[in-house]
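Dear colleague,

Please find below the structure that I am handing over to you. My notes on it follow directly after.

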Amino acid sequence: MKHELEAFVLREARLLDERRFADWLALFAEDGVYWVPTLPGQASPQEALSLFYEPKPLLALRVARLGRPDMHAQAPASRTVHHVSAVEVSGELEVRSALIVAEWRAGEARWFAGRALHRLRREPEGLRIVLKRVDLIDSEAPQRAIAIPF
Amino acid sequence: MDVATLLRGDAVHRAAYIDPAVFALEQERIFRRAWLYVAHESEVPQAGDYVLRRLGPEEVLLVRREDGGLSLLHNRCAHRGARIVTEPAGNARQLRCPYHAWTYALDGRLIGVPLPEGYAAKPDLGLAKVPRVESYRGFVFGSHASGGPGLAEFLGALASAFDNMLDRAPAGTLSRFGGALRLEYRGNWKMFMENAVDLVHPGFVHRSSVEVARAQPQALAADALTQQGAQMFLANGLRAPQWDEVPLHAFPGGHVYMGGFYKGGVIGAEREDAVFTRYRAQLVERHGEEKAADVLALDRFNNLVWPNVSINARFAAMRVVQPLAADRTVVEVLCFRLDGAAPEMHELTLQFVNLAASPASLVASDDLEVFERCQRGLQDAALEWIDLRRGALGDRRQDDGSTLGSGTSELAIRNQFAAWAQYMTR
């Protein structure tokens, strides 16, 4: 069980690094949500602003844009490494992990660090994401353009 | 430096964006003189409440005193210079320096010094005060200059942006909520203020988000949040003649507002759904039918209070541009609750800001990229001047001293540089 869930979150991160964004999107359940809040411990997206709060159909627009040459914030494209560690099964189909994302783009390196929470559901096609939440350690800090999901 | 040489007819020299000496002069002559936004009174309701903010080049504390008044103090101990407060907000009965425990009342008066017997008299010092602090209907501004026009005079016609936001609140008051989004770019602060009222850029800079929304029409029938996003992305896809019809109103002092271009749907000025119907009824109860209709019909997108504030009253949102260096800027994006309105109305505000203004936004991320490209490009010395003539032939002077231009004009940018030149050359 732990092995299966860990393999799922590691693959999910690798798909982002390989820029297989459509495959990444397919890991979300139809009612799945990707969320990066601004407040530490933010209770809900209604409590405060969010860097990302995107149900799957909205995420689908983001993913389609990542494939377009006129997405200026990805010209040139980023190279990323999503480093997932300290994977912990924290509940029924719930996984917590530590996340470091290194990004190289246009001659500059950036780093993001945070904790990730995956709530999953078992569907006929396999495990699917109901919620992926990433709490950055510097969630309130000013950020330059962010193009690749964490 | 002779700043006057940086402007030539309808062109500006690239040094205005890249030269650290120009930036230093801007800090002295603009950001130490103009009224700058500090905070909203709802952030400091109780005696002792404080918020830590940036006011031009300085870090300041806005404090609610015991007598209910507001103090705007420099966050620097009068003894050795340590920052007194480090939390962005809090409540304190007095302000105490961590270094040698010099202690100040909420009005900045020095009330305690250790080892007083070693001084001939108690030191005649206190926290430095920002010379002027004024509230316009709850929006608190400060000025580092002891003289100059009062806040209402400074805001001029743009006071209407604050009035309209207040008029949209069923209880007649606003509360800051929702934390903040903060964007950063390696570019000059003026670029953000210019881009906010440049209506030719959306068709090019934001084309990718327009096209993906066009290609996925099912997004318009998805959940409410996705619908809002898709409608916002599509709205940037107007053709040039349609952008031309969005009016730009430029005022003395660099201020400007542009008309709205969100027509219909979740993002329209008036809606049919139950939440909005109930909200509208609340406004009619407060204002009467005629005024309520006028309040909702005031359809402007960005209202710019020069030098560094942009207000969207329809979505109760505000951006504050903080210049950090010639090539480094932070933009804070803030939201207000329309007191008395249902929570769903506030969700619309949060979602509007997330979608439009997050550094991860499908829209704003491309703006940030373009600012950084301009800053890099302007390092190139082969071409010295930046042309600002677009649409100049269409500028129409109005009787009230304002200038009306069509949406595709660079009128607002010329108007900002007119104010810039006034501040920078005196």
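A residue is called buried here if 20 or more other C-beta atoms lie within 10 Å of its own, exposed if 12 or fewer do, and partly exposed in between, with the C-beta atoms placed from the backbone. Please note that this is a predicted model, in which local features need pLDDT of at least 70 and side-chain atom pairs count only at pLDDT 80 or more, while totals for chains, interfaces and linings use all residues. Residues are numbered from 1 along each chain as its sequence is written, and chains are lettered from A and ligands numbered from 1 in the order in which they are written.

**Chain B**

Buried residues account for 47% of the 426 residues in chain B. Its secondary structure consists of 14 helices and 22 strands; helices (H or I, at least four residues) and strands (E, at least two) are DSSP runs, numbered from the N terminus. Chain B has a radius of gyration of 23 Å, close to the 22 Å from the globule rule for 426 residues, so it is as compact as a globular protein of that length. That radius is taken over C-alpha atoms, and the rule is 2.2 Å times the number of residues to the power 0.38. The C-alpha trace of chain B spans about 75 × 60 × 40 Å along its principal axes.

Two residues are taken to be in contact if their C-beta atoms, placed from the backbone, lie within 7 Å. Of the contacts in chain B with a separation of 6 or more, 63% are between residues 24 or more positions apart.

Chain B is divided into domain 1 (40-143) and domain 2 (151-424), with bounds that come from an automatic or database domain assignment. The centres of the two domains, taken over C-alpha atoms, are 33 Å apart. Their contact takes 10 residues from domain 1 and 10 residues from domain 2. On the domain 1 side, β11 (132-136) and β12 (139-143) of chain B are the elements that give two or more residues.

Within chain B, strand β4 (residues 49-55) has two antiparallel partners to point out. It is joined to strand β5 (residues 58-64) by 6 bridges and to strand β7 (residues 89-91) by 3 bridges; strands pair if DSSP finds at least two bridges between them. β4(B) and β5(B) form a hairpin with 2 residues between them, and G56(B) in the turn has a positive phi of about 60°.

**Chain A**

Chain A contains 3 helices and 6 strands, in the sequence pattern α-α-β-β-α-β-β-β-β. Its radius of gyration is 15 Å, which agrees with the value near 15 Å for a compact globule of 150 residues. Of those 150 residues, 43% count as buried.

One buried residue is S139(A), with 21 other C-beta atoms within 10 Å. S139(A) lies in the segment after β6 (126-136) of chain A. Leaving aside neighbours within four places in sequence, S139(A) is in contact with P37(A), T38(A), L39(A) and P40(A). The C-alpha atoms of S139(A) and L51(A) are separated by 8.1 Å, although the two residues are 88 residues apart along the chain.

**Where the chains meet**

The contact between the chains takes 30 residues from chain A and 41 residues from chain B. On the chain A side, β2 (50-55) and α3 (56-66) each supply at least two residues, and α3(A) gives the most, with 7 residues.

How much of α3(A) is buried? The helix is mostly covered, with 11 of its 11 residues buried. The cover over these residues includes α2 (21-26), β1 (28-37) and β2 of chain A, together with α7 (207-215) and α8 (224-235) of chain B.

The largest nonpolar core has 170 residues, and those with the most contacts inside it include L61(A), V38(B) and L304(B). Such a core is a set of buried Ala, Val, Leu, Ile, Met, Phe, Trp, Tyr and Cys residues joined through C-beta atoms within 7 Å. This core draws at least three residues from each of domain 1 and domain 2 of chain B. Leaving aside neighbours within four places in sequence, L304(B) is in contact with residues including M193(B), V256(B) and V309(B).

With kind regards
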